[in-house]
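The report below is meant for a reader meeting this structure for the first time. Please look over the sequence and the structure before reading on.

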Amino acid sequence: MSFEPRIVGFLCNWCSYAGADLAGVSRLKCAPNVHIIRTMCSGAVEPEFVVKALQHGADGVLILGCHIGDCHYQYGNHRAKKRVAILRRLLSYLGIDPRRVKLEWVCASCADDFVDVVNKLTADIKELGPLHGGGKDR
Amino acid sequence: MEEVKIGVYVCHCGTNIAGTVDVEEVAKFAATLPNVIVSRHYGYMCSDPGQDLIKNDIKELGINRVVVASCSPRLHEKTFQGVLRGAALNPYLFQMANIREHCSWLHEPGPELTEKAKRMVRAAVNRVSHHEPLEIRAVPIFPASLVVGGGIAGMQAALEIANANQIVYLVEREPSIGGHMAQFDKTFPTLDCAACILTPRMTEVAHHPFIRILTYSEVVEISGYVGNFRVKIRRKPRYVDEEKCIGCGICQEKCPWKALSEFDVGMRKRKAIYTPFPQAVPNIPVIDTEHCAYFLKRTCRACEKFCDAKAINFEQKELIFELDVGNIIIATGFDTFDASKITQYGYARYPNVFTSLEFERLCSPSGPTEGHIILADGRQPDSVAIIHCVGSRDKNYHEYCSRVCCMHALKHAQLLKEKTNADVYQMYIDMRCFGKGYEEFYERIQKENINFIRGKVAKVTDQAVSEEEKGKLIVLVEDTLLGRMLRVPVDMVILCVALEPRKDAGEVARLFHLGRSADGFFLERHPKLDPVATMSEGIFIVGCCQGPKDIPDTVAQASAAAARALAMIVRGKMEVPAITAFIDETKCSGCKICNRLCPYSAIFFDDSTKVSRINQVLCQGCGACAAACPSGAITHNYFTADEIMAEIEGVLA
């Protein structure tokens, strides 16, 4: 059986969650591997959430927020950007390929982008292999 | 702590979910999860019978947590929370699993859809066990409102609120209310005189028992939150006692010192003691200290000598005072584009190149020429070019359309025909006449022997190459319909300058916590469904500070904002959303990291206890502070770390 990665997606309530809703409403189809968890803002995604997901069996984590300048809370996405950058470096020290954690901007009308991001990340992580045993991480 | 009893309800949504997800199996699976007392599936959970299922189970089975697996919480979270509320259960003891938008609709059909739905339900069940009742509080509000900006937008908003017998403070930084509209001659498309429709409004505002006009004043500080704003106002000294001045005007007559008139866009001079225009409200002059001989050299005092009312007071000081208001309406208007930035159009180099606003003053009977359209040398123009889109629809300056220029250009053409019978050339990119009666006006003007040249003007020059061009301004333009370059010699050029954000829009945005869109105008909460509200609760934007617009749209927006403010005033109190963050004082180390992080300045440091606290009314619930707190002292209600962690475990188990 082929490897089906499990990915946890943290989507901000205002842009990205709405963008994912729109993808569904528009009946666009994407890989079923991302499990979406709603957060109020990408800036509210604690690094611990990401670590927890990776620890509990996720092969990848996706964080989606509003485009820079469009944050519902003015600049929460700036914080997300900074935090994820640091987190990715820390993960690579731990031997986890930082490509497993992805931060992207998906707006409320960006249904196509949402589908593309999900498919791309799913394909990338399939390429990387499972995080827990047999993966290509160092 | 009471025992957690969860009810799970899986919705078929007709075949929208049940078509690809085995809802019965999902419901059966849910029944096996810890703390789940009852698990059902039903055709349409949002329907009355669906809602009754939940209500009955709360009453009869005593369930105290509810999970609905159906559509997006953005669609029906409020609906189901209402069901809980109706059954006397706290609405936050609820979680939705979005198995429609994010599952049955989003993936190719297959057995993994049912598996995914199960995981989503498990995550929701895991999470909801951690939910706590959250308090929905109501706080009283101040009934008074503040309107910032005394143009037509601000006046309209103030009148609407005041007509409901509610107090309005109207703050205007200029010496008089009236705004840009007071500078206009005629208004399109009806060509009624701007002053004739505006001045009665100004008087109405001035005499309204519920409006307090604060001219020559500015907002310097604002604190508090929706319903409970405290606003600090700085009232600049007029050096004229408002109580004593009777507005006779003798001071202006006698004052020997002059300066360029702002109201007449520098086209004539006013005195150092002045009212901006004859119909000014209030009709009380101010002394311009930069041009008054007393303030410059401590001499003169002519105004004081001649004032019978003894109203001149050179010792007047600025006044700072505070107002308590519940709502704020921002109507700060626009600036016009500085046409000298486009050097090839020759503005400020050739005396007969005017901006549209200058031309308004030229047409106005109360303007510098008493309504005579004349050139710098006093002649009447025989030919006039009106150049559209100066600074608008131009990648070098503003990409947006200023919306009013096509129409005022047509109006100018009409006035030129009426008053001078000159040849008029409209040089336009596209004619945009979108409003009520606008297209008809355009049709009418087209019949008046006016030349329409479709093309963006390259240059305005005085370099004549033929006899007929001598002494004229030559407009170089490509007629894109003929595909030919033209040289059009004219006596006068009118530049339809863009409407742009006020120079200090950035400071105003910071003061009131407003967002700005890419074009620099203030950002509305939603471009279609919430066009007058902003991301700051209780602060509304109307008129051109939100984007270029004509007078009818401005007035409509102003009334809309007034209605929003009145809605809150009538309620008298407001509900504070429960999704906020709070700080556990026993865990807070007082590091203050969160204080600077908060976009709403809702977090403050309590010096007496040396810990940070969050103002529950200011907090908008973004969660940035909770994510950053190194001590884990901050809880983000409804999105607590425990809840999210449980959800993560649920989807991955």
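## A helix residue between two chains

Leaving aside neighbours within four places in sequence, B:Ile644 is in contact with A:Phe10, A:Ile37, A:Arg38, A:Thr39, A:Phe49, B:Arg127 and B:Phe639, where contact means heavy atoms within 4.5 Å. This residue belongs to helix α18 of chain B, and helices (H or I, at least four residues) and strands (E, at least two) are DSSP runs, numbered from the N terminus. At 1% relative accessibility, B:Ile644 counts as buried; buried means under 20% relative accessible area, exposed over 50% and partly exposed in between, with a 1.4 Å probe and protein chains only. From B:Asp607, 37 residues away in sequence, B:Ile644 is separated by 32 Å in space, C-alpha to C-alpha.

The model is predicted, so that local features need pLDDT of at least 70 and side-chain atom pairs count only at pLDDT 80 or more, while totals for chains, interfaces and linings use all residues. Residues are numbered from 1 along each chain as its sequence is written, chains are lettered from A and ligands numbered from 1 in the order in which they are written, and side-chain values use heavy atoms, with hydrogens and water left out.

## Chain B as a whole

Chain B contains 18 helices and 34 strands, and its C-alpha trace spans about 95 × 65 × 45 Å along the principal axes. Of the 653 residues in chain B, 56% are buried. Among the contacts in chain B with a separation of 6 or more, 68% are between residues 24 or more positions apart.

## Nonpolar cores

A nonpolar core is a set of buried Ala, Val, Leu, Ile, Met, Phe, Trp, Tyr and Cys residues joined through side-chain atoms within 4.5 Å. The largest has 108 residues, and those with the most contacts inside it are A:Phe10 and B:Val66. Helix α5 (residues 111–128) of chain B supplies the largest share of this core, 8 residues. A second, separate core of 35 residues includes B:Val404, B:Ala422, B:Leu499 and B:Cys544.

| Helix pair | Axes come within | Crossing angle |
|---|---|---|
| α2(A) (residues 47–55) and α3(A) (residues 76–93) | 10 Å | roughly 40 degrees |
| α5(B) and α18(B) (residues 641–652) | 7 Å | roughly 150 degrees |
| α6(B) (residues 152–162) and α7(B) (residues 194–207) | 10 Å | roughly 45 degrees |

Angles under 35 degrees count as roughly parallel, over 145 as roughly antiparallel, 65 to 115 as roughly perpendicular and the rest as oblique. Helices α5(B) and α18(B) are therefore roughly antiparallel to each other, whereas α6(B) and α7(B) are oblique.

A crossing is left-handed if the near helix is turned anticlockwise from the far one by less than a right angle, and right-handed if clockwise. The crossing of α5(B) with α18(B) is right-handed, and that of α6(B) with α7(B) is left-handed.

Where α5(B) meets α18(B), the residues include B:Arg119, B:Arg122 and B:Arg127 on one side and B:Glu643, B:Ile644 and B:Glu647 on the other. By class, this contact has 4 nonpolar, 2 polar and 6 charged residues, with Ala, Val, Leu, Ile, Met, Phe, Trp, Tyr, Cys and Pro counted as nonpolar, Asp, Glu, Lys and Arg as charged, and the others, Gly among them, as polar.

In chain A, α2(A) brings A:Pro47, A:Val50, A:Val51 and A:Leu54 to A:Arg83, A:Leu87 and A:Leu91 in α3(A). That contact has 6 nonpolar, no polar and 1 charged residues.

## An enclosed helix

Helix α11 (residues 356–363) of chain B is largely enclosed by the rest of the structure, because 8 of its 8 residues are buried. What covers these buried residues includes β8 (186–187), β20 (353–355), α12 (405–420) and β27 (492–497) of chain B. One residue of α11 is B:Ser356, which counts as buried at 5% relative accessibility. Not counting residues up to four places away in sequence, B:Ser356 touches B:His408, B:His412, B:Ile494, B:Leu495, B:Cys496 and B:Val497.

Terms used
Axes fitted to C-alpha atoms, helices over the stretch in contact; angles between N-to-C directions.
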